[in-house]
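Here's a quick briefing on how one chain packs together. Have a look at the model first, then read on.

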Amino acid sequence: MALSRKQIAIIIGASILLTGLFLPAISLNANNLLANIAGSSNYIQADQTYGVILLLLSLIVVTLAIAKRFQWAFIGAVAALGILVFRLVTFLSDISKFNSLQSSINPDPFSPEFDGFMRMTQEITVGISLNWISWIAMFAGSIITIIALLREDEINEIK
(Lines give C-alpha, C1' and ligand atoms only; values in the text may rest on other atoms or scores of the structure.)
Protein backbone atom coordinates (compact mmCIF):
# COMPACT_ATOMS: atom_id res chain seq x y z
CA MET A 1 0.00 0.00 0.00
CA ALA A 2 1.67 3.17 -1.22
CA LEU A 3 0.69 6.49 0.26
CA SER A 4 -0.21 9.34 -2.04
CA ARG A 5 1.55 12.69 -1.78
CA LYS A 6 -1.62 14.15 -0.26
CA GLN A 7 -1.58 11.54 2.49
CA ILE A 8 2.12 12.16 3.13
CA ALA A 9 1.51 15.93 3.40
CA ILE A 10 -1.31 15.33 5.88
CA ILE A 11 0.86 12.99 7.94
CA ILE A 12 3.72 15.52 7.95
CA GLY A 13 1.39 18.31 9.12
CA ALA A 14 -0.08 16.19 11.89
CA SER A 15 3.42 15.08 12.91
CA ILE A 16 4.55 18.71 13.21
CA LEU A 17 1.51 19.39 15.43
CA LEU A 18 2.36 16.31 17.49
CA THR A 19 5.99 17.44 17.84
CA GLY A 20 4.85 20.91 18.95
CA LEU A 21 2.86 19.34 21.77
CA PHE A 22 6.08 18.02 23.31
CA LEU A 23 8.19 21.19 22.92
CA PRO A 24 8.38 23.59 25.89
CA ALA A 25 5.24 25.76 25.68
CA ILE A 26 5.20 27.71 28.94
CA SER A 27 8.03 29.08 31.08
CA LEU A 28 7.98 30.05 34.72
CA ASN A 29 10.59 32.24 36.44
CA ALA A 30 10.54 32.80 40.19
CA ASN A 31 13.12 35.26 41.50
CA ASN A 32 14.13 36.76 44.79
CA LEU A 33 17.50 37.78 46.21
CA LEU A 34 18.23 34.33 47.62
CA ALA A 35 17.02 32.03 44.86
CA ASN A 36 16.31 31.98 41.16
CA ILE A 37 14.02 29.21 39.98
CA ALA A 38 13.18 28.71 36.33
CA GLY A 39 11.43 25.96 34.46
CA SER A 40 9.22 25.15 31.54
CA SER A 41 6.62 22.59 30.60
CA ASN A 42 5.30 21.26 27.34
CA TYR A 43 1.72 21.77 26.21
CA ILE A 44 0.49 18.41 27.49
CA GLN A 45 1.88 19.12 30.98
CA ALA A 46 0.62 22.70 31.03
CA ASP A 47 -2.85 22.05 29.68
CA GLN A 48 -3.54 18.40 30.36
CA THR A 49 -7.09 18.01 29.07
CA TYR A 50 -6.67 19.99 25.86
CA GLY A 51 -3.17 18.60 25.39
CA VAL A 52 -4.46 15.03 25.40
CA ILE A 53 -7.34 16.02 23.11
CA LEU A 54 -4.89 17.56 20.62
CA LEU A 55 -2.67 14.50 20.85
CA LEU A 56 -5.62 12.22 20.09
CA LEU A 57 -6.88 14.48 17.29
CA SER A 58 -3.50 14.45 15.55
CA LEU A 59 -3.32 10.66 15.78
CA ILE A 60 -6.91 10.35 14.53
CA VAL A 61 -6.16 12.65 11.58
CA VAL A 62 -3.16 10.47 10.63
CA THR A 63 -5.26 7.31 10.89
CA LEU A 64 -8.08 8.82 8.83
CA ALA A 65 -5.63 10.10 6.20
CA ILE A 66 -4.14 6.62 5.82
CA ALA A 67 -7.68 5.22 5.49
CA LYS A 68 -8.44 7.95 2.90
CA ARG A 69 -11.31 9.37 4.96
CA PHE A 70 -10.38 12.93 4.15
CA GLN A 71 -13.71 14.54 5.13
CA TRP A 72 -13.45 13.22 8.69
CA ALA A 73 -9.76 14.06 8.87
CA PHE A 74 -10.62 17.64 7.85
CA ILE A 75 -13.08 17.91 10.74
CA GLY A 76 -10.38 16.69 13.14
CA ALA A 77 -7.79 19.12 11.78
CA VAL A 78 -10.16 22.10 12.01
CA ALA A 79 -11.10 21.07 15.55
CA ALA A 80 -7.40 20.97 16.49
CA LEU A 81 -6.82 24.44 15.02
CA GLY A 82 -9.90 25.77 16.83
CA ILE A 83 -8.67 24.38 20.15
CA LEU A 84 -5.24 25.92 19.58
CA VAL A 85 -6.69 29.36 18.84
CA PHE A 86 -9.01 29.18 21.86
CA ARG A 87 -6.26 28.04 24.24
CA LEU A 88 -3.71 30.58 22.96
CA VAL A 89 -6.16 33.44 23.59
CA THR A 90 -6.96 31.98 27.03
CA PHE A 91 -3.28 31.57 27.93
CA LEU A 92 -2.40 35.10 26.81
CA SER A 93 -5.29 36.54 28.80
CA ASP A 94 -4.45 34.53 31.93
CA ILE A 95 -0.74 35.35 31.75
CA SER A 96 -1.49 39.04 31.32
CA LYS A 97 -3.82 39.00 34.33
CA PHE A 98 -1.31 37.07 36.44
CA ASN A 99 1.63 39.32 35.55
CA SER A 100 -0.36 42.49 36.27
CA LEU A 101 -1.54 41.03 39.58
CA GLN A 102 2.03 40.04 40.45
CA SER A 103 3.33 43.55 39.75
CA SER A 104 0.59 45.11 41.89
CA ILE A 105 1.31 42.79 44.85
CA ASN A 106 5.09 43.29 45.07
CA PRO A 107 6.02 46.80 46.18
CA ASP A 108 8.98 48.71 44.87
CA PRO A 109 12.06 48.08 47.10
CA PHE A 110 12.44 51.83 47.63
CA SER A 111 8.82 52.40 48.64
CA PRO A 112 7.79 53.09 52.24
CA GLU A 113 6.04 49.69 52.35
CA PHE A 114 9.40 47.94 51.98
CA ASP A 115 10.79 47.23 55.45
CA GLY A 116 14.30 45.93 55.04
CA PHE A 117 16.09 42.64 54.59
CA MET A 118 13.41 40.36 56.08
CA ARG A 119 10.88 41.70 53.63
CA MET A 120 13.41 41.33 50.82
CA THR A 121 13.80 37.60 51.46
CA GLN A 122 10.04 37.13 51.35
CA GLU A 123 9.50 39.00 48.10
CA ILE A 124 9.30 36.65 45.18
CA THR A 125 8.74 37.81 41.66
CA VAL A 126 7.05 35.20 39.49
CA GLY A 127 6.82 35.57 35.73
CA ILE A 128 4.98 33.32 33.32
CA SER A 129 5.58 33.47 29.58
CA LEU A 130 4.94 31.46 26.43
CA ASN A 131 7.67 29.73 24.46
CA TRP A 132 6.63 30.64 20.95
CA ILE A 133 8.47 27.87 19.08
CA SER A 134 6.05 25.22 20.30
CA TRP A 135 3.03 27.36 19.47
CA ILE A 136 4.41 28.10 15.99
CA ALA A 137 5.01 24.38 15.42
CA MET A 138 1.50 23.46 16.57
CA PHE A 139 -0.15 26.13 14.42
CA ALA A 140 2.05 25.32 11.41
CA GLY A 141 1.23 21.62 11.69
CA SER A 142 -2.50 22.33 11.88
CA ILE A 143 -2.42 24.72 8.93
CA ILE A 144 -0.31 22.38 6.79
CA THR A 145 -2.74 19.56 7.52
CA ILE A 146 -5.79 21.69 6.65
CA ILE A 147 -4.21 22.96 3.42
CA ALA A 148 -3.32 19.41 2.37
CA LEU A 149 -6.86 18.27 3.16
CA LEU A 150 -8.44 21.13 1.22
CA ARG A 151 -6.77 20.06 -1.99
CA GLU A 152 -9.30 18.08 -3.99
CA ASP A 153 -6.79 16.68 -6.43
CA GLU A 154 -3.61 14.83 -5.64
CA ILE A 155 -0.54 16.95 -5.03
CA ASN A 156 1.48 16.75 -8.24
CA GLU A 157 5.01 15.48 -8.40
CA ILE A 158 7.65 18.21 -8.28
CA LYS A 159 9.59 18.28 -11.56
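Leaving aside its neighbours within four places in sequence, which residues is Q7 in contact with? Setting those neighbours aside, Q7 touches A2, A65, I66, K68 and F70, where contact means heavy atoms within 4.5 Å.

Before going further: this is a predicted model, in which local features need pLDDT of at least 70 and side-chain atom pairs count only at pLDDT 80 or more, while totals for chains, interfaces and linings use all residues. Residues are numbered from 1 along each chain as its sequence is written, and side-chain values use heavy atoms, with hydrogens and water left out.

**The chain overall**

- The chain has 6 helices and 3 strands, and from the N terminus on the order is α-β-β-α-α-α-α-β-α.
- Helices (H or I, at least four residues) and strands (E, at least two) are DSSP runs, numbered from the N terminus.
- Of the 159 residues in the chain, 36% are buried; buried means under 20% relative accessible area, exposed over 50%, and partly exposed in between (1.4 Å probe, protein chains only).
- Take the contacts between residues at least 6 apart in sequence, and 73% of them join residues at least 24 apart.

- Q7 sits in helix 1 and counts as buried because its relative accessibility is 1%.
- A polar atom of the Q7 side chain lies 2.8 Å from the backbone oxygen of A65.
- K68, one of the residues that Q7 touches, belongs to the loop between helix 3 (48-66) and helix 4 (70-105).
- With 54% relative accessibility, K68 counts as exposed.
- K68 isn't a glycine, yet its phi is positive, near 60 degrees.

**Helix 1 against helix 6**

- Two packed helices are described by the angle between their axes and the distance between the axes.
- Helix 1 (residues 5-22) packs on helix 6 (residues 132-150) at an angle of about 160 degrees, with the axes 7 Å apart.
- Axes here are lines fitted to C-alpha atoms, for helices over the stretch in contact, and angles run from 0 to 180 degrees between N-to-C directions.
- Helix 1 and helix 6 are therefore roughly antiparallel; angles under 35 degrees count as roughly parallel, over 145 as roughly antiparallel, 65 to 115 as roughly perpendicular and the rest as oblique.
- The crossing of helix 1 with helix 6 is left-handed, meaning that the near helix is turned anticlockwise from the far one by less than a right angle (clockwise would be right-handed).
- Sorted by type, the residues of this contact between helix 1 and helix 6 come to 11 nonpolar, 6 polar and 1 charged.
- Ala, Val, Leu, Ile, Met, Phe, Trp, Tyr, Cys and Pro count as nonpolar, Asp, Glu, Lys and Arg as charged, and the others, Gly among them, as polar.

**Helix 1 against helix 3**

- The axes of helix 1 and helix 3 come within 9 Å and cross at roughly 165 degrees, so this pair is roughly antiparallel.
- The crossing of helix 1 and helix 3 is left-handed.
- The residues in the contact of helix 1 with helix 3 split into 14 nonpolar, 3 polar and no charged.

**V61**

- V61 is in helix 3 and, at 3% relative accessibility, counts as buried.
- Apart from its neighbours within four places in sequence, V61 is in contact with I10, A14, A73, G76, A77 and T145.
- V61 and T145 are 84 residues apart in sequence, and their C-alpha atoms are 8.7 Å apart in space.

Key. Polar contact = N/O pair within 3.5 Å; in protein donor to acceptor, adjacent residues only side chain to side chain.
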